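Dear colleague,

I am handing over the structure below, and my notes on two parts of it follow.

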Amino acid sequence: AGAGTGKTRVLTTRLAHLLATRKAWPSQILAVTFTNKAAREMQHRIGGLIGGAVEGMQWLGTFHALGAKMLRRHAELAGLRSDFTILDADDQVRLMKQIIVAENIDEKRWPARQLAACIDGWKNRGLTPDKVPAGEAHAFANGKGGELYAAYQARLKVLNAADFGDLLLEVLRIFQEHPEVLAEWQERFKYMLVDEYQDTNVAQYLWLRLLAQKHKNICCVGDDDQSIYGWRGAEVDNILRFEKDFPGAKVIRLERNYRSTANILGAASGLIAANEQRLGKTLWTEANDNEGEKIKVASYWDGEEEARAVAEEAEQLQRQQHLLREMAILVRASFQMREFEDRFINLGIPYRVVGGPRFYERAEIRDANAYLRLIAQGDDDLAFERIVNKPRRGLGDVAVQTIHRLARAEGISLLRAAKTLVTTEELKPAARRALAGFVEMVERWRALVAGMPHTELAEIVLDESGYTEMWQNDKSADAPGKLENLKELIRSMEHHETLAGYLEHISLVMEIEQNDTADKINLMTLHSAKGLEFDTVFLPGWEEGLFPHQRALDENGLAGLEEERRLA
């Protein structure tokens, strides 16, 4: 089923029909969605179709929510108690760090985030520690990957905890080791419905396949051309292989699009036709051929000129009574938003960033700005507090509290208090050395303000403070994006004469408050735009290296290019 063809509607109507014709009780239907929002919407839509609220749809939810529910019922078979805790990503990394340190592995050389990514990948593929291929298990920490995974799983049991990957992995293991439990669940679910099937990973696929074996009534809705989550373990093969897995399955192609004009569909179909890994379908629309404007292609010298042109066009449309909230600017990477945000602020065009903080509100930008604020104004306590131990310098809570106490007692700022403390014996030697180093660094940077361009100073600060290096060593998926944002920050400073001028600009930007019902133009990444509709869409930055994104091409070659094409 293509984009805008009413996939979710087909699922909800089918579900409502099953209930209305009494083919099944609500408790006999398993309905899986990808996000909590989709689950809520579905519940709401079904209520609208059959009148009144839907009671007893306890098996409508996301893979994780349903997995957790099943796991709580059989927790003891997985070595857990039914009140187990579900760890989020931060807890997970913290726990892995402890295990890596306990094994005497150098955490700097083999960061916990990297191990988390490995283990996540294995869990997404349904692999318990004993099933991980030897070659892969050896890749981390010179052959210790497999042992660390086993140790991590054992530690989770001690803590009576599960991470997101376990919610399906442990249920899968129970199904495989206890056929009687599986049989009970297979008996229960007469009908199974799955949304966004192209985004399922191997573990989710195995889970669905096992559950569907008895009644063999499973309805999956998906679009092989919309699989854009390969980086999260999604396997587009699952949808391409469906007919083999369920012999006699009926494939229904939804090809009528209710969202776009013929021109747009033609362009999209022409682009996606270049992909080799797909089932193939042709989207069409009732709208007459002469309806809908042609797609306009414009080329610009640089991002700034592009932002100016888009803003002018948006203003033009607004004068012709078009609503700003019906316009969207979709970018491939979040750092591209900055030029648009600055332009909109200058012109006074209200905007909202969907699915993420506005550029200057991102954590890494606030950290960088805090360094600059402290240099410009040494008594800025909030800035001092934010970065005194970021990246970690061995100044724990105790040290920071000591600085606070002295500052309050003497009525001076934290930086001044820190300078005083360095000369006394109050702090432990290690903390005192770290604090002395920090104070000295800040003083050195403050001396440079008058004599060099502020952009150069900013680069020196991010470098010498170890802040850039902290993100370079971070192996999480969003670290490269954060580094791009920091580079973009330095570029944005070029528009201001002085450091003070730049900081003034920032504080004004932060002031513009967010009122969400207002008419505002939408800024978001292509990933966050999935499933949304707008009257006018601007697509900046379609250039080799940015979109298709260089990282996707470098890491995944042709498969990466195909995923970028699906995104487009």
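Predicted model: local features only at pLDDT ≥ 70, side-chain atom pairs only at ≥ 80, totals over all residues.

Residues are numbered from 1 along each chain as its sequence is written, and side-chain values use heavy atoms, with hydrogens and water left out.

Strand β5 (residues 191-194) is joined to strand β6 (residues 218-220) by three bridges, the two running parallel, and with strand β1 (residues 29-33) β5 pairs in the parallel sense over four bridges, Leu-30 having Met-192 as its bridge partner. Strands (DSSP E runs of at least two residues) and helices (H or I runs of at least four) are numbered from the N terminus, and two strands pair if DSSP finds at least two bridges between them. Both faces of β5 are covered, with Tyr-191 and Leu-193 buried on one side and Met-192 and Val-194 buried on the other, where buried means under 20% relative accessible area (1.4 Å probe, protein chains only).

As for the helices, the axes of α18 (residues 397-410) and α19 (residues 414-422) come within 8 Å and cross at roughly 105°, the axes being lines fitted to C-alpha atoms over the stretch in contact and the angles running from 0 to 180 degrees between N-to-C directions. This makes α18 roughly perpendicular to α19, a term that covers 65 to 115 degrees.

Best regards

Technical notes:
Parallel < 35°, antiparallel > 145°, perpendicular 65-115°, else oblique. Buried < 20%, exposed > 50% of the residue type's maximum accessible area, 1.4 Å probe, protein only.
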